[in-house]
Amino acid sequence: MNKDYTYAVARIRSRELALLNNKDIDNLLNARGYDECIQYLLDKGFGDDGSAKTDASSMLSAERKKIWSLMSELTDDLSPFDVFRYNDDFHNLKVSVKAVTRDVDPQNMFMENGTTDGEKIYDCIKAHAYNLLPEHLQNAAQEAMTALLQTGDGQICDIIIDRACLEAIMSKAQQTNSEVIELYAELTTAVADIKTAIRCEKTGKSLDFIQRALAPCKTVNTDMLAKAAAKSLDDIYSYLSGTAYSLAVDALKKSPSEFEKWCDNKLIDSIKPQKSEPFKIGPLAAYIIARENEIKAVRLILSAKLNDLDLSAINERLRDMYV
Amino acid sequence: MDNLGIVFGLLGAALATFLAGTGSAIGVGKAGVAASGVLAEDPSKFGKVLIFQLLPATQGIYGLLVAFLILSKIGVLGGDPNISVVKGLLYLAASLPIAFAGLFSAIHQGNCSVAGIGTISKKPDQFGKAILLPAMVETYAILALLISMLAVFNIPGLNL
């Protein structure tokens with residue numbers, strides 16, 4: 001990607017000042033309740049300016065919209081950032097396939113920040129017009145629909161769509177030729193594979209099923225991981241000890257949430273060098289990742305405050321911040 | 001072909017202006033793009049980013065200065081325009097340091113200014129340190145200017 005992002009990066013540098021730092025997270029944690037947290041976030045510029053809605057869900061949804069509205073302002077071509085939007089696309093595909101086969105109304109179930117409108121995906125699935133879908137969704141849509149109609153097994157449908165999503169992310173990331181985006185894709189795919197392998201081991205899935213669920217990536221040999229997952233958890237840990245994820249084994253042994261935290265922290269740590277890159281796409285991608293990480297942390301704190309959970313339990317799950 | 005000396009001299013003046021000016025235009029342009037990005041978010045930083053943007057402009061001025069000197073020495077701006085081919089070539093050679101050092105130093109100073117603009121957009125209190133880094137690149141443009149000027153001033157005294 002040889003495009004010059006000097007203007008966009010300069011704007012992003014100013015925007016980075018508004019990102020929540022560790023002190024803000026501490027302030028949120030120490031707030032006396034949910035309402036105080038919401039007020040603190042409103043003071044920090046969270047939420048939609050024109051809206052009277054101040055609940056966590058609409059506030060965080062507005063924040064995610066703001067990310068993409070800013071990116072649209074910064075660059076006329078959003079396609080290099082599609083890797084961050086494919087999750088929403090494939091979520092919408094999953095919703096559409098299940099809504100069509102079960103004849104339910106998918107309203108309010110679509111994610112808003114995909115590359116394609118959720119309603120459009122639903123209409124194409126309903127009409128079986130797979131060729132009208134974006135290219136990255138066509139095969140997965142057809143395969144998932146066929147599988148769901150033939151077997152009625154939602155899990156098969158899920159693994160087909162989840163794997164297609166990871167494959168699309170990997171494929172798109174390679175086209176961008178951006179180190180940060182490729183790293184994001186690699187980590188996302190590898191982590192999803194590891195989580196799938198652990199889940200499959202715990203639910204006693206067959207080797208064939210596991211191999212079908214895992215998406216290929218560079219840092220994990222999916223064939224070896226699948227074989228390990230078909231045997232035991234210790235075999236998975238043993239295999240991972242010899243990979244780039246050896247340090248994650250301890251986290252995996254503790255809990256799935258500890259592993260997710262390890263992965264998110266590794267990603268945030270890996271994108272930190274982008275703070276000194278003035279010309280390329282990296283800082284924009286890093287900003288998207290940092291904002292998503294921030295939204296995740298805020299969501300965690302708000303739901304904990306709403307349910308009066310223990311502070312230490314939240315602290316354990318909180319990720320490192322980008323700034 | 002009798003006036004080939006003045007042709008070479010003029011070519012030297014043109015190179016000094018063209019190459020150093022091109023470098024400055026690229027450098028100032030790049031820094032300007034970054035400065036616009038910062039101003040879109042925070043217009044109060046106008047004064048600071050303007051200084052960063054102007055840093056790569058000096059090479060163009062140095063090139064212009066050397067070109068003026070050459071033009072006056074070869075008689076284009078008045079005086080005797082009959083100079084030898086050898087002296088014409090010497091003026092051409094004298095213009096090369098500022099032409100090329102001006103071109104490359106301005107481009108790299110522009111890149112350095114862009115990075116500096118990024119720094120002050122996040123940490124305005126680090127303005128003093130941030131401006132020193134692109135200013136270091138200026139050293140090499142000044143060295144080239146010095147050599148070009150010394151050469152242009154002393155060519156008329158040579159017995160050739």
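Which residues does A:Q274 touch, not counting residues up to four places away in sequence? The first legend below gives the reply, and every view is taken from a predicted model.

View 1. With residues up to four places away in sequence left out, A:Q274 touches A:R13, A:V180, A:G282, A:P283, A:A286 and A:Y322. The relative accessible area of A:Q274 is 12%, so this residue counts as buried.

**View 2. Packing of helices α4 and α15 in chain A.** Helix α4 (residues 56–74) and helix α15 (residues 282–306), both of chain A, pack at an angle of about 175 degrees, and their axes are 10 Å apart. Because angles over 145 degrees count as roughly antiparallel, α4(A) and α15(A) are described as roughly antiparallel to each other. On the α4(A) side the contact includes A:L60, A:I67, A:W68 and A:M71, and on the α15(A) side it includes A:Y287, A:I288, A:I295 and A:L302. The residues of this contact comprise 13 nonpolar, no polar and five charged.

**View 3. The largest nonpolar core and A:F84.** This core has 108 residues, and those with the most contacts inside it are A:F84, A:F90 and A:L93. Helix α15(A) gives the most to the core, with 13 residues. Leaving aside neighbours within four places in sequence, A:F84 is in contact with A:W68, A:I181, A:Y184, A:A285, A:I288 and A:I289. In soluble globular proteins, nonpolar side chains tend to be buried together.

**View 4. Packing of helices α3 and α5 in chain B.** The axes of helix α3 (residues 58–73) and helix α5 (residues 127–154), both of chain B, come within 10 Å and cross at roughly 0 degrees. The two helices, α3(B) and α5(B), are therefore roughly parallel to each other. Among the residues making the contact are B:Y62, B:L65, B:L69 and B:K73 of α3(B), together with B:E138, B:I142, B:L145 and B:F153 of α5(B). The contact residues divide into eleven nonpolar, three polar and two charged.

**View 5. Two cysteines, A:C37 and B:C112.** A:C37 has 0% relative accessibility and therefore counts as buried. B:C112, by contrast, is partly exposed, with a relative accessible area of 25%. A search of the whole structure finds zero disulfides over all chains.

Conventions: Residues are numbered from 1 along each chain as its sequence is written. Chains are lettered from A and ligands numbered from 1 in the order in which they are written. This is a predicted model: local features need pLDDT of at least 70, side-chain atom pairs count only at pLDDT 80 or more; totals for chains, interfaces and linings use all residues. Side-chain values use heavy atoms; hydrogens and water are left out. Axes are lines fitted to C-alpha atoms, for helices over the stretch in contact, and angles run from 0 to 180 degrees between N-to-C directions. Helices (H or I, at least four residues) and strands (E, at least two) are DSSP runs, numbered from the N terminus. Angles under 35 degrees count as roughly parallel, over 145 as roughly antiparallel, 65 to 115 as roughly perpendicular and the rest as oblique. Contact means heavy atoms within 4.5 Å. Ala, Val, Leu, Ile, Met, Phe, Trp, Tyr, Cys and Pro count as nonpolar, Asp, Glu, Lys and Arg as charged, and the others, Gly among them, as polar. A disulfide is a pair of cysteine sulfur atoms within 2.5 Å. Buried means under 20% relative accessible area, exposed over 50%, partly exposed in between (1.4 Å probe, protein chains only). A nonpolar core is a set of buried Ala, Val, Leu, Ile, Met, Phe, Trp, Tyr and Cys residues joined through side-chain atoms within 4.5 Å.
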